[in-house]
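Please look at the model before reading the points below.

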Protein chains: 2
Amino acid sequence: MGMGRPREFDAEMALDQAMEVFWRHGYEGATIAQLTEAMGINPPSLYACFGNKEGLLKAALDRYTKLRGAWMDEVVAAPTARAVAERMLMGIAEKQTDPANPPGCLLVQGGIACGTGSENVPFELAARRAQNEDQLRDRFVRAKAEGDLKESADPAALARYVSAVSVGMGVMASSGADREALRQVASVAVQAVEAQSADRPQ
Amino acid sequence: MGMGRPREFDAEMALDQAMEVFWRHGYEGATIAQLTEAMGINPPSLYACFGNKEGLLKAALDRYTKLRGAWMDEVVAAPTARAVAERMLMGIAEKQTDPANPPGCLLVQGGIACGTGSENVPFELAARRAQNEDQLRDRFVRAKAEGDLKESADPAALARYVSAVSVGMGVMASSGADREALRQVASVAVQAVEAQSADRPQ
DNA sequence: CCAGATATGTAGTGTTCGCTACAGATGTGG
DNA sequence: CCACATCTGTAGCGAACACTACATATCTGG
């Protein structure tokens, strides 16, 4: 009972290429032919490794959120709620206009509305976005406990707000907004968080 | 030289149905079969009247923005920049969770990322969103001239911000956020506009 | 009532889609 | 060297896609 012929391609490198195709064309807009060409493999290798197109998307999303996870940890490590929001939104302005990647965010570009048979793709993306929102909420809960946010502040609402602005910026970026435009949006958006911050002693 | 057989269906009613299909499934996810069934017509009638699938989308977008236009006029008629933002975002929270329509906004759900051959669809939607942003910007320019916004305020940035929040709320709505969640986001978002408002005499 | 013009329903067209059968290649364990 | 297991490339599967040819039906102008 041998172990069989070994795989000739690197799964993570292939996933990076698939990620980019989904990012640029969305789940339904990306074809298997485009994916296999970008990944440098043939269809049977793709299906043997990832099951089917949706399995490939999930693997790409896993990789995307893993790469983003480290950055999100830096974000919530900022000292105050305001600094967290600023670091997050300004960072997003940079990332979503990074010419090394397609514009916008994979968790949005991947597929907001899908056709019959792919109805769960939008929910899959929403679930991943919710993870970031939860991380933000936890951070804002802490900020409130530390007296950094006002007593009247709602950490969950703040997290939802920052998440919503992030998504809006992603859509803007994908439709051509430049880095400066996104920075302006981030700059205005942070002021809402500042308005929820406690007046600190100078 | 007769005028030919008259159309047996109402174009606007048919467009309303097509609008809903695009809204729910996106441009690429919507099939001609779904569209014709919803519109109550056969493919040849669709192509004779709207040219092709993309022509139908544009006609549906025209109708959508026309319906929304009246509401946007009410929004910018609010007395202050803050009131404009509040009326806009709170209204969007209602509209995007109205069970009479699919959740979210057609100008987002229609297609953020598309496959080869439909690359211009996202730009078409972006152009329509830009119209709303322009309308907001003009209103904020006026607000600044009236002393309603601070001297340091940037009307274009504020308009972009409100537009971005709207889009973000739309995506949230389409992925299951309820009306109360959207209201919370709107409520926080308005505070950024308030922070740009001049201190008014009490 | 006729001729021209446009709309409609049936029934397809060619193409592309996601996916896979199959044969050959390349590995391991005995 | 052999049995077995897994991967790879070719080639193509059935289904669904956007779209249309064509015959028929229903109008107007004369």
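1. A residue counts as near a strand if one of its heavy atoms lies within 4 Å of it. Of the atoms of DNA strand C within 4 Å of the protein, 65% are sugar or phosphate atoms, and the rest belong to bases. This is a predicted model, in which local features need pLDDT of at least 70 and side-chain atom pairs count only at pLDDT 80 or more, while totals for chains, interfaces and linings use all residues. Residues are numbered from 1 along each chain as its sequence is written, chains are lettered from A in the order in which they are written, and side-chain values use heavy atoms, without hydrogens and water.

2. Among the 25 residues around DNA strand C, those that come nearest are A:Ile32, A:Lys53, B:Arg5, B:Glu8 and B:Asn42. For A:Lys53, a polar side-chain atom lies 2.8 Å from a phosphate oxygen. B:Arg5 instead places a backbone N or O atom 3.1 Å from a base oxygen.

3. A:Lys53 also has its charged end over the ring of A:Tyr27, 4.6 Å from the ring centre (the rule: NZ of Lys or CZ of Arg within 6 Å of the centre and within 35 degrees of the ring normal). In chain B, the charged end of B:Lys53 sits over the ring of B:Tyr27 at 4.7 Å.

4. A:Phe22 and A:Tyr27 are both buried, meaning under 20% relative accessible area (1.4 Å probe, protein chains only). A:Trp23 and A:Tyr64 are buried too.

Terms used: Polar contact = N/O pair within 3.5 Å; in protein donor to acceptor, adjacent residues only side chain to side chain. Buried < 20%, exposed > 50% of the residue type's maximum accessible area, 1.4 Å probe, protein only.
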